[in-house]
Amino acid sequence: MSNDRHVPVMLQRCLDMLAPALEHPGAVVVDCTLGLGGHSEALLKRFPEARLVALDRDKEALRLSGERLAPYGERATLVHAVYDELPEVLDRLGLATVDGVLFDLGVSSMQLDEADRGFAYAQDAPLDMRMDQTTGIGAAEVLNTYAPGELVRILRAYGEEKQAKRIVSAIVREREKEPFSNSARLVELIRDSLPQAAKRTGGNPAKRTFQALRIEVNRELDSVEKAIPAAVKAIGVGGRVVVLSYQSLEDRIVKQVFAAGAATTAPPGLPIVPEKYQPRLKLLTRGAELPTEEEVAENRRAAPARLRGAERIREDVL
């Protein structure tokens with residue numbers, strides 16, 4: 001087990017960005033991606049008068065984090081939910097608004113480290129990749145049953161894989177001989193089907209295909225598209241949303257939602273912009289912030305991270 005799993009990415013920066021919203025008694029912060037509880041524990045320590053609500057779709061993550069956060073007692077409420085269920089969770093808890101929301105998107109280090117979950121291409125494992133293993137279909141079923149055109153679309157859209165057609169032809173040919181069940185066979189097939197030049201760049205050649213399958217199996221981009229606007233809606237004035245993403249597709253969604261909230265919605269040419277058209281958000285980062293070189297040296301999983309934050313500066317006016 002690598003110790004990277006214990007190092008939350010860009011932790012200090014996330015805490016500092018949320019701080020102005022959480023330093024008052026009774027503040028409520030939501031960790032939408034609890035994972036192993038690193039960010040959550042740091043939030044409870046740093047803001048001793050705040051209450052935490054933490055969500056995760058992975059029951060094993062909830063169990064482990066529950067043990068870790070037990071010393072904080074009533075201050076931590078852990079919920080089994082996908083982060084796009086945020087409005088329902090807050091409704092159930094009777095919370096009309098919250099003060100801070102944190103997202104650490106992507107796969108938790110625990111899932112990458114657990115061999116039997118099939119997320120990692122570096123070791124042989126059943127091709128599952130579900131973050132919540134109680135629901136939905138696994139990666140093997142996607143590979144074995146999806147139409148070739150659909151597989152090409154997924155690899156291009158979610159993996160940004162330029163060789164999608166070539167890889168899918170090989171997958172379709174091989175699955176007719178024998179359905180896919182384990183990751184090693186897929187990794188080998190990808191390696192064999194790529195031209196030499198494509199293997200020389202960008203790390204393990206299977207990386208993009210595995211990312212695409214993971215996003216499809218867990219409907220990750222659908223969840224992000226629903227969850228970020230829901231988080232913006234959930235915070236009161238002065239509240240802050242902070243998002244860590246690890247690939248360009250997620251970062252683009254976050255950027256678009258924040259940019260729309262920070263723009264005026266007034267028709268062009270108005271001499272004075274009425275209240276109802278004024279921006280709802282103030283951006284807290286110029287573009288996306290990146291981890292420092294020191295942090296990447298200490299924690300390789302921080303390398304692709306992109307951090308963005310926004311503060312609610314006015315109510316929605318109907």
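This is a predicted model: local features need pLDDT of at least 70, side-chain atom pairs count only at pLDDT 80 or more; totals for chains, interfaces and linings use all residues.

Colleague: What makes E4 and E5 a pair?

Modeller: Two strands pair if there are at least two bridges between them. Strand E4 (residues 98-104) and strand E5 (residues 235-245) have 6 bridges, in the parallel sense, so by that cut-off they pair.

Colleague: And how do you know that E1 and E2 pair?

Modeller: By the bridges again: E1 and strand E2 (residues 51-56) are joined by 4 bridges, also in the parallel sense. At least two are needed, so E1 and E2 count as a pair. Within E2, Ala54 is the bridge partner of Asp31.

Colleague: Where do these strands sit in the whole sheet?

Modeller: The order is E3-E2-E1-E4-E5-E7-E6, an open sheet of 7 strands with mixed pairing.

Colleague: Why are strand E3 and strand E6 called edge strands?

Modeller: Each of them, E3 (76-80) and E6 (281-283), pairs on one side only. From one strand to the next, the twist averages 15°.

Colleague: Which strands does H2 touch?

Modeller: H2 packs on the sheet and touches E1, E2, E3, E4 and E5. The direction of H2 makes about 175° with that of E2.

Colleague: Back to E1. Which way do the residues of E1 point, and are they buried or exposed?

Modeller: In strand E1 (residues 28-31), Val28 and Val30 point one way, while Val29 and Asp31 point the other way. All are buried.

Colleague: Why are H1 and H2 called oblique to each other?

Modeller: The axes of helix H1 (residues 11-22) and helix H2 (residues 38-46) come within 11 Å and cross at roughly 45°. Roughly parallel needs an angle under 35 degrees, and roughly perpendicular starts at 65. The crossing angle falls between those, so H1 and H2 are oblique. Their crossing is right-handed.

Colleague: Which residues of H1 and H2 meet?

Modeller: On the H1 side they include Leu11, Cys14, Leu15 and Leu18, and on the H2 side His39, Ala42, Leu43 and Arg46. The residues of this contact divide into 8 nonpolar, 2 polar and 2 charged.

Colleague: What makes H12 roughly parallel to H13?

Modeller: The axes of H12 and helix H13 (residues 248-262) cross at roughly 25° and come within 10 Å. The cut-off is under 35 degrees, so H12 counts as roughly parallel to H13. This crossing is right-handed too. Among the contact residues are Leu221, Val224 and Ile228 of H12 and Ile253, Val254 and Phe258 of H13. That contact divides into 10 nonpolar, no polar and 3 charged residues.

Colleague: How do you know whether Met129 is buried or exposed?

Modeller: Buried means under 20% relative accessible area. Met129 has 0%, so it is buried.

Colleague: And why is Arg219 called partly exposed?

Modeller: Its relative accessible area is 45%. Buried is under 20% and exposed is over 50%, so Arg219, in between, is partly exposed. Arg219 lies in the loop between helix H11 (207-218) and helix H12 (220-234), and its phi is positive as well, near 50°.

Note on methods: Residues are numbered from 1 along each chain as its sequence is written. Side-chain values use heavy atoms; hydrogens and water are left out. Axes are lines fitted to C-alpha atoms, for helices over the stretch in contact, and angles run from 0 to 180 degrees between N-to-C directions. Helices (H or I, at least four residues) and strands (E, at least two) are DSSP runs, numbered from the N terminus. Angles under 35 degrees count as roughly parallel, over 145 as roughly antiparallel, 65 to 115 as roughly perpendicular and the rest as oblique. A crossing is left-handed if the near helix is turned anticlockwise from the far one by less than a right angle, and right-handed if clockwise. Contact means heavy atoms within 4.5 Å. Ala, Val, Leu, Ile, Met, Phe, Trp, Tyr, Cys and Pro count as nonpolar, Asp, Glu, Lys and Arg as charged, and the others, Gly among them, as polar. Buried means under 20% relative accessible area, exposed over 50%, partly exposed in between (1.4 Å probe, protein chains only).
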